Amino acid sequence: MHDVTKTEVTRRLRRIEGQVGGLLRMVEDDRYCMDVLTQINAVRAALHKVEEKILGDHVSHCVADAFSSGNVTDQRHKVEELITTIGRMTR
């Protein structure tokens, strides 16, 4: 992962960590279920953004490098890996 992506992902994950702590406090404080569910959805959306950022970095660098190398085996491997990963992400 490139440094710029790593910095942004780290910042986002720390924010998500705070959101999850807030969720825990909401549950412990017996907050209204719909409010807790709304916050869970916000955490899920934030994680999705982190996923997109890491995936974009991977495609822009790792996959692009495989294609610029001309190594057909490596290219095929990166495409298969990408398909498998995207498949897992959409479940």
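**Helices, salt bridges and a core**

User: Is E81 buried, exposed or partly exposed?

Analyst: E81 has a relative accessible area of 29%, keeping in mind that this is a predicted model. Buried would need under 20% and exposed over 50%. With its 29%, E81 is therefore in between, which makes it partly exposed.

User: Which residue forms a salt bridge with E81, and how far apart are the closest N and O atoms?

Analyst: Look in helix α3, where K78 and E81 sit 3 residues apart, so about one helical turn separates them. K78 counts as buried, at 16% relative accessibility. The partner of E81 is K78, and their closest N and O atoms are apart by 4.0 Å.

User: Why do the buried residues of α3 line one face of the helix?

Analyst: The buried residues in question are Q75, K78 and L82. Look down the axis of α3: they line one face because they fall within an arc of 65°.

User: At the start of α3, which residue's backbone nitrogen does a side-chain oxygen of N71 reach?

Analyst: Helix α3 covers residues 72–89. The N71 oxygen comes to within 3.0 Å of a backbone nitrogen, and that nitrogen belongs to T73.

User: Which elements give two or more residues to the largest nonpolar core?

Analyst: That core has 8 residues: V9, I16, L23, M26, V36, V43, A46 and V50. In soluble globular proteins, nonpolar side chains tend to be buried together. The elements giving two or more residues here are α1 (3–28) and α2.

User: Which residues are linked with R12 in a network of salt bridges?

Analyst: Begin with R12 and E8, whose side chains meet in a salt bridge at 2.9 Å, N to O. Both lie in helix α1, 4 residues apart, or about one turn. E8 counts as buried at 19% relative accessibility, while R12 is partly exposed at 23%. The network links R12 with E8 and K53.

User: How far apart are the closest N and O atoms of E52 and K49?

Analyst: These two are in helix α2, 3 residues apart, about one turn. E52 is partly exposed at 39%, and K49 is partly exposed at 44%. They form a salt bridge, with the closest N and O atoms apart by 3.9 Å.

Technical notes: Residues are numbered from 1 along each chain as its sequence is written. This is a predicted model: local features need pLDDT of at least 70, side-chain atom pairs count only at pLDDT 80 or more; totals for chains, interfaces and linings use all residues. Side-chain values use heavy atoms; hydrogens and water are left out. The expected span of a helix is 1.5 Å times one less than its number of residues. Buried means under 20% relative accessible area, exposed over 50%, partly exposed in between (1.4 Å probe, protein chains only). The arc is that of the directions from the helix axis to the C-beta atoms. A polar contact is a pair of N or O atoms within 3.5 Å; within protein, one must be able to donate a hydrogen and the other to accept it, and residues adjacent in sequence count only if both atoms are side-chain atoms. A nonpolar core is a set of buried Ala, Val, Leu, Ile, Met, Phe, Trp, Tyr and Cys residues joined through side-chain atoms within 4.5 Å.
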